[in-house]
Amino acid sequence: MIFLANFISLAEVTCKFGDTACPFPAPGAGIFVWKPLTSINLGITTIDITKPVILALISTVIVSVVFLLAFSRPKLVPTGIQNVVEVGYLFVRDNIAREIMGKDGDRFVPFLTSIFFFVWTMNVMAIIPVAQFPVTSKFAFPVVLAVIVWLIYMFLGMKNQGVVGYFKNIAFPPGMPIGIYPLLTPIELLSTIIIRPVTLAIRLFANMFAGHLLITVFTVSAWYLLNLSNFVGIVSVIGYLGSAVSFFVTIVLTGFEMFIQALQAFIFTLLTAVFISSSLHAEH
Amino acid sequence: MSILAEISGSLGSIGYGLAAIGPGVGIGIIFGNGVQAIARQPEAYGVIRQNMILGFALAEALALIGFVAPFVFGA
């Protein structure tokens, strides 16, 4: 039971059902803070194993197992699960890699596919019963993914254009009037080296954070307005109506979130492809 | 000096409202022109959609930063 209790986030909920004096318990940032299930002591620091960590591990296992099942013994004429996963692979190849990078993109399809399905699975955890928490709404997860992407496109840029050449191409894009460079150089350097990975991480995090908060607000409000129906007379009617509307909105938002989850995974992968593409060839 | 005006309550929500103005206009322009481009040249749908979503993502990020900032830096 203690194990199960730790699956509840740290948000303080003091309201009991039927308590009519209770103010609306608006969910805040507290619903994203979790009690550690166990802690691993490493001497220097302790690693807390919380629900998001476990969900991330589960996502990793799901993605790995699905792809291993589909492609461990690939057949020329696909059957069963290979059919399904191949559709996903071809989607990433045709709509992201080849669309952005052309033929060069084929080398990066495995990486982009992994990123896309890993991010998507972590996002989808938001609406899976029992899990019901988007892993990517903990800032650390998108940050790590963005750092990996950053390392890869910086490395590829230095490999393909030379260390000096890469930074020269970022700082001084050719074909500009000379007077614009004092303005352009700092902006270009800042945007390529710092703003790109930061916005990549923040975009994913903020979308999932906002979506989860929105669903929680309407779920809590459905519960709270049903609570109001303990009153007598007109307040009770308003309570029932409001509760029904909130519940309906929760369902609609869940559908909308499904769309956003896929879209954000797609955008994350698309931007990764764009960054890699800009590292392969200098701007001209 | 006496206080002329005071804001109480959630300042973050006002900040988000302000932060949403620019991206709102931007996203409108992006999708408006994107749909127009697709209508003019339906065969270029793939390329236009990629660039539309890319621009949308870049503009949307600003509004989302405005949404998250109050939570991150405390209300």
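The model is predicted, and local features are considered only at pLDDT of at least 70, side-chain atom pairs only at pLDDT 80 or more, while totals for chains, interfaces and linings use all residues. Residues are numbered from 1 along each chain as its sequence is written, with chains lettered from A and ligands numbered from 1 in the order in which they are written.

Helix H3 of chain A, spanning residues 81-101, comprises 21 residues, helices being DSSP runs (H or I) of at least four residues, numbered from the N terminus. From its first C-alpha to its last, H3(A) reaches 28 Å, close to the 30 Å expected at 1.5 Å a residue, the expected span being 1.5 Å times one less than the number of residues. A kink of about 30 degrees is centred on Arg93(A), the bend being the angle between axes fitted to the seven residues ending there and the seven starting there. Val92(A), Ile96(A), Ala97(A), Ile100(A) and Met101(A) are buried (20 or more other C-beta atoms within 10 Å of a residue's own, with C-beta atoms placed from the backbone).

In chain B, the axes of H1 (residues 11-40) and H2 (residues 45-72) come within 7 Å and cross at roughly 175 degrees, axes being lines fitted to C-alpha atoms over the stretch in contact, with angles from 0 to 180 degrees between N-to-C directions. H1(B) is therefore roughly antiparallel to H2(B) (an angle over 145 degrees).

The contact between the chains takes 11 residues from chain B and 13 residues from chain A, where contact requires C-beta atoms, placed from the backbone, to lie within 7 Å.

Notes. Helices (H or I, at least four residues) and strands (E, at least two) are DSSP runs, numbered from the N terminus. A residue is buried if 20 or more other C-beta atoms lie within 10 Å of its own, exposed if 12 or fewer, and partly exposed in between; C-beta atoms are placed from the backbone. Angles under 35 degrees count as roughly parallel, over 145 as roughly antiparallel, 65 to 115 as roughly perpendicular and the rest as oblique. Two residues are in contact if their C-beta atoms, placed from the backbone, lie within 7 Å.
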